[in-house]
Amino acid sequence: MNCKELSQTDVKIPEIGLGTWNYEGGVHPLRTGIDLGARFIDTAESYGTEEVVGQATKGIRDNVFLATKVRPRHFRRADVIKSAEQSLKRLNTDYIDLYQLHWSNYLVPITETMAAMEELVEMGKIRFIGVSNFSVREIRQAQGALSKNKIVSVQVRYSVVDRTVERDLLEYCQTNRITLIAFSPLDLGMNNIERYDRDDILGQVAGEVGKTRAQVALNWCISHDAVVAIPKANQSEHVRENCRASGWQLEPAQLKVLDQGVHFRQRGALESAGRRLARRIVQTFGRSI
Ligand SMILES: NC(=O)c1ccc[n+]([C@@H]2O[C@H](COP(=O)([O-])OP(=O)(O)OC[C@H]3O[C@@H](n4cnc5c(N)ncnc54)[C@H](OP(=O)(O)O)[C@@H]3O)[C@@H](O)[C@H]2O)c1
């Protein structure tokens, strides 16, 4: 398993981690991944999977890089602290490696939330601060609200069939040395990827390199500077396959074939703004998120 530096921290994290949204595999697949070098697990207070992550890392906690998230409705100072403490309990640990703001909250000032995050760093409860589903503008504001710490990561959707981040966020992360954690790198399942890849370009490249389509899709993701990916797999067999997406490299010509041949989505600025507006409306009218 190859590793990449987390931002400019000197900490190396595996380029393939283990996602746990909708995870129902129990301890074994996570342990399999850790044993194969995927010593980076992503969870969230809203996933209901922190306990199983705690069980899977019992006795080997210091060998694993643990990332979790606080949900927007807990972005007030006291709630951030409380959420972190509850996550620590569920994860059965006394520190979180990467604590991420799950989405923006348009009602709570980012200065308040980030001050609480810095308090957590000072208390030794979290090591690094990250954000998720933030736009470039929101990242800049969040960074501006921090006095001593740097945002080390941005977790966003990125796959060979969803290249929205290539509009501006990927380059922003690469230029500013922020790690981009690609979520849904298999677009929530190979059937979704195959629906876009109508000419089976992934299959052609997979045949050339002697890998599977999923491995090619993941290797395409992590071939980008500053990008790591966190596929989720209930099945240990999938975990094994995904871990073997690291340790080799697609040739530049193969990357070009994938770039040009696989159909993909890329949301425009207007659509992204519309989605943010919808989220703001939901938050304003108090629906639970
Ligand atoms: N920050 C956010 O807002 C956010 C949003 C979404 C996701 N995430 C994070 O990103 C992680 C991954 O994203 P995701 O769960 O949305 O989707 P994903 O990883 O793109 O896809 C998961 C699906 O792919 C299947 N799969 C995994 N490996 C496979 C393989 N080698 N061959 C064929 N199928 C394979 C899994 O099957 P099995 O389970 O049956 O093995 C599962 O159905 C999440 O678990 C979560 O940690 C974050």
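Visitor: Leaving aside its neighbours within four places in sequence, which residues is Cys221 in contact with?
Guide: In this predicted model, Cys221 has its place in helix α9, and we set aside its neighbours within four places in sequence. The residues in contact with Cys221 are then Tyr158, Ser159, Ala182, Pro185, Val227 and Ala229.

Visitor: Does Cys221 count as buried or exposed?
Guide: A residue is called buried if 20 or more other C-beta atoms lie within 10 Å of its own. Cys221 has 23 C-beta neighbours inside 10 Å, and therefore counts as buried.

Visitor: How many Å apart in space are Cys221 and Ala269, C-alpha to C-alpha?
Guide: Along the sequence, these two residues, Cys221 and Ala269, are 48 residues apart. In space, going from C-alpha to C-alpha, the separation of Cys221 and Ala269 is 22 Å.

Visitor: Which helix gives the largest share of the shell around the ligand?
Guide: The ligand is surrounded by 26 residues, of which the closest are Gly19, Phe183, Leu186, Lys232 and Asn234. By kind, the residues of this shell divide into 10 nonpolar, 12 polar and four charged. The largest share, three residues, comes from the helix that spans residues 236-243, namely α10.

Visitor: Why do the buried residues of α10 line one face of the helix?
Guide: The buried residues of α10 are His238, Val239, Asn242 and Cys243. An α-helix has 3.6 residues a turn, so residues three or four places apart point the same way. Seen down the axis of α10, the buried residues line one face because they fall within an arc of 135 degrees.

Visitor: Within what arc do the buried residues of α6 fall?
Guide: Helix α6 covers residues 169-176, and its residues Leu169, Leu170 and Cys173 are buried. Seen down the axis of α6, these residues line one face of the helix, because they fall within an arc of 105 degrees.

Visitor: Are helices α8 and α11 roughly parallel or roughly antiparallel?
Guide: The axes of α8 (residues 201-209) and α11 (residues 252-261) come within 10 Å and cross at roughly 170 degrees. Angles over 145 degrees count as roughly antiparallel. The crossing angle therefore makes α8, relative to α11, roughly antiparallel.

Visitor: Which residues make the contact of α8 with α11?
Guide: The residues of this contact divide into four nonpolar, two polar and one charged. From α8 come Ile201, Val205 and Glu208, and from α11 come Gln254, Val257, Leu258 and Gly261.

Visitor: What is the phi of Ser7, near how many degrees?
Guide: Ser7 has its place in the loop between β1 (3-5) and β2 (12-14), and with 21 C-beta neighbours inside 10 Å Ser7 counts as buried. Most residues other than glycine have a negative phi. Ser7 is a residue other than glycine with a positive value, near 45 degrees.

Note on methods
Residues are numbered from 1 along each chain as its sequence is written. This is a predicted model: local features need pLDDT of at least 70, side-chain atom pairs count only at pLDDT 80 or more; totals for chains, interfaces and linings use all residues. A residue is near a molecule or strand if its C-beta atom, placed from the backbone, lies within 6 Å of it. Helices (H or I, at least four residues) and strands (E, at least two) are DSSP runs, numbered from the N terminus. Ala, Val, Leu, Ile, Met, Phe, Trp, Tyr, Cys and Pro count as nonpolar, Asp, Glu, Lys and Arg as charged, and the others, Gly among them, as polar. A residue is buried if 20 or more other C-beta atoms lie within 10 Å of its own, exposed if 12 or fewer, and partly exposed in between; C-beta atoms are placed from the backbone. The arc is that of the directions from the helix axis to the C-beta atoms. Axes are lines fitted to C-alpha atoms, for helices over the stretch in contact, and angles run from 0 to 180 degrees between N-to-C directions. Angles under 35 degrees count as roughly parallel, over 145 as roughly antiparallel, 65 to 115 as roughly perpendicular and the rest as oblique. Two residues are in contact if their C-beta atoms, placed from the backbone, lie within 7 Å.
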